[in-house]
Amino acid sequence: MLARVQRMRAPAEFRETSRRGSRNGTRSVIVHVLRIPAGEPTRVGFVVSKAVGNAVVRNLVKRRLREIVAHLLPQLQAPVHIVVRAKPAAAGCTFPHLTHDVESALHRAGVLGS
């Protein structure tokens with residue numbers, strides 16, 4: 001589970017990260033990454049729209065994405081703000097495939113260590 005300080009909640013943070021950050025995508029997710037000053041904590045936000053599916057499916061995808069990112073946070077190389085946006089294909093992905101897609105997008109963004 002993500003600590004309270006690591007959760008992105010304010011719409012302004014989502015907007016700034018999505019607009020100013022770099023964007024990397026895979027078949028099931030798009031990841032926006034914005035580098036921040038060294039003293040600030042890493043924050044993560046999730047966007048799962050109705051295009052992904054009904055409420056049950058959206059909540060399942062959100063839970064999976066939260067778990068994946070929580071395990072990847074210690075591997076991040078620098079403090080960043082991250083917005084993970086699920087694409088409709090995320091609804092049909094297995095947990096390992098979704099994990100691979102998120103890791104791949106973060107590697108391409110240059111923030112995930114080996």
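## Helix α1 and its buried face

In this predicted model, helix α1 spans residues 11–20, and Glu-13, Phe-14 and Thr-17 are buried in it. Seen down the helix axis, these buried residues fall within an arc of 100°, so they line one face of α1. An α-helix has 3.6 residues a turn, so residues three or four places apart point the same way.

The opposite side of the helix looks outward. Pro-11, Arg-19 and Arg-20 are exposed, and they sit on the face of α1 turned away from its buried side. What lies over the buried side? The cover over the buried residues of α1 includes three strands: β2 (29–35), β3 (43–47) and β4 (80–86).

Strand β2 is one of the elements covering α1. Is β2 itself enclosed or open? Six of its seven residues are buried, so β2 is largely enclosed by the rest of the structure.

β2 pairs with β1 (residues 22–25). The two strands run antiparallel and are joined by four bridges. They form a hairpin, with three residues between them. Individual bridges can be named. Ser-22 has Val-33 of β2 as its bridge partner. Arg-23 is partnered by His-32 in β2.

β2 also pairs with β4. Seven bridges join these two strands, which are antiparallel. Here Ile-30 stands opposite Arg-85 in β4. As a general point, in a regular strand the side chains alternate between the two faces of the sheet.

## The cavity

How many cavities of 30 Å³ or more does the model hold? The count comes to one. The largest cavity has a volume of about 30 Å³. Rolling a probe the size of a water molecule over the atoms shows where empty space is left.

The lining of the largest cavity consists of Val-69, Leu-72, Leu-73, Leu-76, Ile-82 and Leu-106. By class, this lining has six nonpolar residues, with no polar and no charged ones.

## The segment before α1

Ala-3 is found in the segment before α1. Its relative accessibility is 36%, so Ala-3 counts as partly exposed. Ala-3 and Gly-39 are 36 residues apart in sequence. Their C-alpha atoms lie 17 Å apart in space.

Val-5 belongs to the segment before α1. At 44% relative accessibility, Val-5 counts as partly exposed. Which residues does Val-5 touch, leaving aside its neighbours within four places in sequence? Val-5 is in contact with Pro-41, Thr-42 and Arg-43.

Pro-79 is placed in the loop between α2 (55–72) and β4. Is Pro-79 buried or partly exposed? Pro-79 is partly exposed, with a relative accessible area of 22%. The cut-off for buried is under 20%.

Not counting residues up to four places away, Pro-79 touches Arg-35, Ile-36, Pro-37, Ala-38, Glu-40 and Thr-42. Pro-41 is 38 residues from Pro-79 along the chain. The C-alpha atoms of the two prolines are separated by 6.1 Å.

## Val-57 in helix α2

Val-57 lies in helix α2. Its relative accessibility is 26%, so Val-57 counts as partly exposed. Leaving aside neighbours within four places in sequence, the contacts of Val-57 are Val-52 and Ala-91.

How far apart in space are Val-57 and Val-83? Their C-alpha atoms are 19 Å apart, and the two residues are 26 places apart in sequence.

Key: Residues numbered from 1 in each chain as written. Predicted model: local features only at pLDDT ≥ 70, side-chain atom pairs only at ≥ 80, totals over all residues. Heavy atoms only, no water. Buried < 20%, exposed > 50% of the residue type's maximum accessible area, 1.4 Å probe, protein only. Arc of directions from axis to C-beta. Contact = heavy atoms within 4.5 Å. 1 Å grid on protein atoms, 1.4 Å probe; cavity = no way out; pocket = protein on both sides within 12 Å on 5 of 7 lines; lining within 4 Å. Points joined across faces, edges and corners; volume = space filled by probe spheres on them. Nonpolar A, V, L, I, M, F, W, Y, C, P; charged D, E, K, R; others polar. Pairing = 2+ DSSP bridges.
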